[in-house]
Amino acid sequence: MFVALALATGYMAQQIPSMSGEFLRIHLEAGLLAGLLSVVRLAAWLVAGGQASTIGHQSKGIHWAARMIHGFLRVLPVILLVSGVGMLVLTGAAPEILSGNTPDPELLAQTPPQSLHHRAAFALFVLITGHIAAAIWHRQAKRGWKLQKEPQSTIS
């Protein structure tokens, strides 16, 4: 939820300049929460190892792709946290953003982590969207398979 809120408000801050200060404040708060929770999630994942597959009878290629996508879904929010904090430290814009004001857009645009931050946000959005689509597809495929395997009753 915090990831979606951070992605949405970051995008809206760029699209609606008159509201960018408020969007950036929400973006900063949601992004910090999402990033910190992602650090905990990543640490737990590294300590406990990978999760068991939720899809039975999958090919090696699908298994590898699923592991890569889930890995990126865990790592990208941490990259966003580090690059976002880096932008705040380099520009000193955190107090201004937290007060609801909009920092100089040129100052943020010239900060080295800004490009990484935007690219990682776009990659995370694409992965989340693809992950949701795959989950829906797998659910529908599983439902269809179950319906085909159930014995049909005959009415006499």
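Predicted model: local features only at pLDDT ≥ 70, side-chain atom pairs only at ≥ 80, totals over all residues.
Q: How many helices and strands does the protein have?
A: The protein has 6 helices and 0 strands. From the N terminus on, the order is α-α-α-α-α-α.

Q: What share of the residues is buried?
A: Buried residues are 27% of the 156 in the protein.

Q: Ok, α1 next. Where is it, and how many residues does it have?
A: Helix α1 covers residues 2–15. It has 14 residues and reaches 20 Å from its first C-alpha to its last. That is close to the 20 Å expected at 1.5 Å a residue.

Q: And which residues of α1 are buried?
A: Ala 6, Leu 7, Thr 9, Gly 10 and Ala 13.

Q: How do α1 and α2 cross?
A: Their axes come within 8 Å and cross at roughly 150 degrees. Angles over 145 count as roughly antiparallel, so α1 is roughly antiparallel to α2. The crossing is left-handed.

Q: Which residues meet there?
A: From α1, they include Phe 2, Leu 5, Ala 6, Thr 9 and Ala 13. From α2, they include Phe 23, Leu 24, His 27, Ala 30 and Leu 37.

Q: What classes are they, nonpolar, polar or charged?
A: The contact of α1 with α2 has 13 nonpolar, 5 polar and no charged residues.

Q: Tell me about α2 itself. What does it span?
A: Helix α2 runs over residues 20–48. It has 29 residues and reaches 40 Å from first C-alpha to last. The expected value is 42 Å, so to speak, at 1.5 Å a residue.

Q: Which of its residues are buried, and what covers them?
A: The buried ones are Ser 20, Gly 21, Phe 23, Leu 24, Leu 28, Ala 30, Ala 34, Gly 35, Ser 38 and Leu 42. Their cover includes α1, α3 (60–91) and α4 (94–98).

Q: What comes just after α2?
A: Gly 49, with a positive phi of about 90 degrees.

Q: Now α2 and α3. At what angle do they cross?
A: At roughly 135 degrees, with axes that come within 8 Å. The two helices are therefore oblique to each other. This crossing is left-handed.

Q: Which residues make that contact?
A: On α2, they include Leu 28, Leu 32, Gly 35, Arg 41 and Trp 45. On α3, they include Gly 71, Arg 74, Pro 77, Leu 81 and Leu 88.

Q: And how do the residues divide by class?
A: The contact of α2 with α3 has 13 nonpolar, 4 polar and 2 charged residues.

Methods. Residues numbered from 1 in each chain as written. Heavy atoms only, no water. Axes fitted to C-alpha atoms, helices over the stretch in contact; angles between N-to-C directions. Helix = DSSP H or I, 4+ residues; strand = E, 2+ residues; numbered from the N terminus. Parallel < 35°, antiparallel > 145°, perpendicular 65-115°, else oblique. Left-handed = near helix turned anticlockwise from the far one by under 90°. Contact = heavy atoms within 4.5 Å. Nonpolar A, V, L, I, M, F, W, Y, C, P; charged D, E, K, R; others polar. Buried < 20%, exposed > 50% of the residue type's maximum accessible area, 1.4 Å probe, protein only.
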